[in-house]
Amino acid sequence: MKTLLLASLLAFVACSPVRVESTTQMPGVNFRAYKTYNFMDVTARNEDIFRGSSANVEQLKQAVARQLEQRGYQRADKPDLWVNIGVVTQNKVQTRETNIWDAPRYIGQRNYHWQSQEVPVGSYREGTATVDIVDAARNEQIWQGIAASALSKDPEKLAARIDEGIADMFKAYPVPPRQ
């Protein structure tokens, strides 16, 4: 039974549309000493995102704010922590590897050679969000999380992926959520 449950959990995690690429933190920092946060101006870091809709950045800010407030931080005009959000989007090509069944059916010459190769089957956009937590007094980054996902054209699915990605990212944050 435990094996089945573990296999189900691994299959669910492997199929998750969001990947947390990395999280890093500065050693020796007392994250509980900070009480307030606010967001840095995101236009300087994300100029290309503002050519389109900035709604995704607002959704990211809301998701980060929820995570920080669950950990006891409050938003303030003169914060202890600055939150800097970066977004990069890029076009990706989905491929698949050919197999022996894709080879041409040819029984002529014996020196025929077939080789597996990647063939394009579609395209999509992938977004990568970086969340930097900066000590406002020292102007020094103390934590960073990076998550990536294919961007859905459905606004509801995109909002769910943003929430999921930020929640997964903050699982590695040194201050756990309050109960």
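Biologist: In what order do the six strands of the open sheet stand?

Modeller: In this predicted model, the protein has three helices and six strands, and read along the sequence they follow the pattern α-β-β-α-β-β-β-β-α. The six strands form an open sheet with mixed pairing. Their order in that sheet is E1-E6-E5-E4-E2-E3.

Biologist: Which strands stand at the edges of the sheet?

Modeller: A strand at an edge of this sheet has a single partner strand, so one side of that strand is left without a neighbour in the sheet. The strands for which this holds are E1 and E3, the latter covering residues 74-75.

Biologist: Which residue in E6 is the bridge partner of Thr23?

Modeller: E1 pairs with strand E6, residues 140-150, in the antiparallel sense, and seven bridges join them. One of the E6 residues involved is Ala147, which is the bridge partner of Val20. For Thr23, the bridge partner in E6 is Gly145.

Biologist: Over how many bridges do E5 and E6 pair?

Modeller: These two strands form a hairpin with four residues between them, and they pair in the antiparallel sense. Within that pairing, Ala147 in E6 is the bridge partner of Ala129, while Ala147 is also the bridge partner of Val20. The number of bridges between E5 and E6 is ten.

Biologist: How many of the eleven residues of E6 are buried?

Modeller: Helix H3 packs on the sheet and touches E1, strand E5 (118-135) and E6, with its direction making about 140° with that of E6. E6 is mostly covered, and the number of its residues that are buried is eight.

Biologist: Which residue in E4 is the bridge partner of Asn38?

Modeller: On one hand, E2 pairs with E3 in the parallel sense over two bridges, and there Tyr37 has Arg75 as its bridge partner in E3. On the other hand, E2 is joined by three bridges to strand E4, residues 81-97, and these strands run parallel. In E4, the bridge partner of Asn38 is Trp82.

Biologist: Why does the pair of Phe31 and Tyr173 count as edge-to-face?

Modeller: The structure holds six aromatic pairs. The rings of Phe31 and Tyr173 have their centres 5.5 Å apart, and planes over 60 degrees apart count as edge-to-face. The pair is therefore edge-to-face, because its planes stand at 75°.

Biologist: How many residues apart in sequence are the parts that the pair of Phe31 and Tyr173 ties together?

Modeller: Both Phe31 and Tyr173 are buried. Phe31 lies in the loop between strand E1 (18-25) and strand E2 (36-39), whereas Tyr173 lies in the segment after helix H3 (155-170), so the pair ties together parts whose separation in residues is 142.

Biologist: At what angle do the planes of the rings of Tyr37 and Phe39 stand?

Modeller: Tyr37 and Phe39 are both buried, and their ring centres lie 5.8 Å apart. The pair is edge-to-face, because the angle between the planes is 90°.

Biologist: Which element gives the most residues to the largest nonpolar core?

Modeller: This core has 30 residues, and Val64, Tyr73, Val83, Val131, Ile166 and Tyr173 touch the most other members. The elements that give two or more residues to the core are E2, helix H2 (55-70), E4, E5, E6 and H3. With six residues, the element that gives the most is H2.

Biologist: Which residues do ring pairs link into a cluster?

Modeller: Leaving aside neighbours within four places in sequence, the contacts of Tyr173 include Phe31, Tyr73 and Trp143. Ring pairs link these residues and one more into a cluster, whose members are Phe31, Tyr73, Trp143, Phe170 and Tyr173.

Note on methods
Residues numbered from 1 in each chain as written. Predicted model: local features only at pLDDT ≥ 70, side-chain atom pairs only at ≥ 80, totals over all residues. Heavy atoms only, no water. Phe/Tyr/Trp six-rings, centres within 6.5 Å; stacked < 30°, edge-to-face > 60°. Buried < 20%, exposed > 50% of the residue type's maximum accessible area, 1.4 Å probe, protein only. Pairing = 2+ DSSP bridges. Contact = heavy atoms within 4.5 Å. Axes fitted to C-alpha atoms, helices over the stretch in contact; angles between N-to-C directions. Core = buried A, V, L, I, M, F, W, Y, C linked by side-chain atoms within 4.5 Å.
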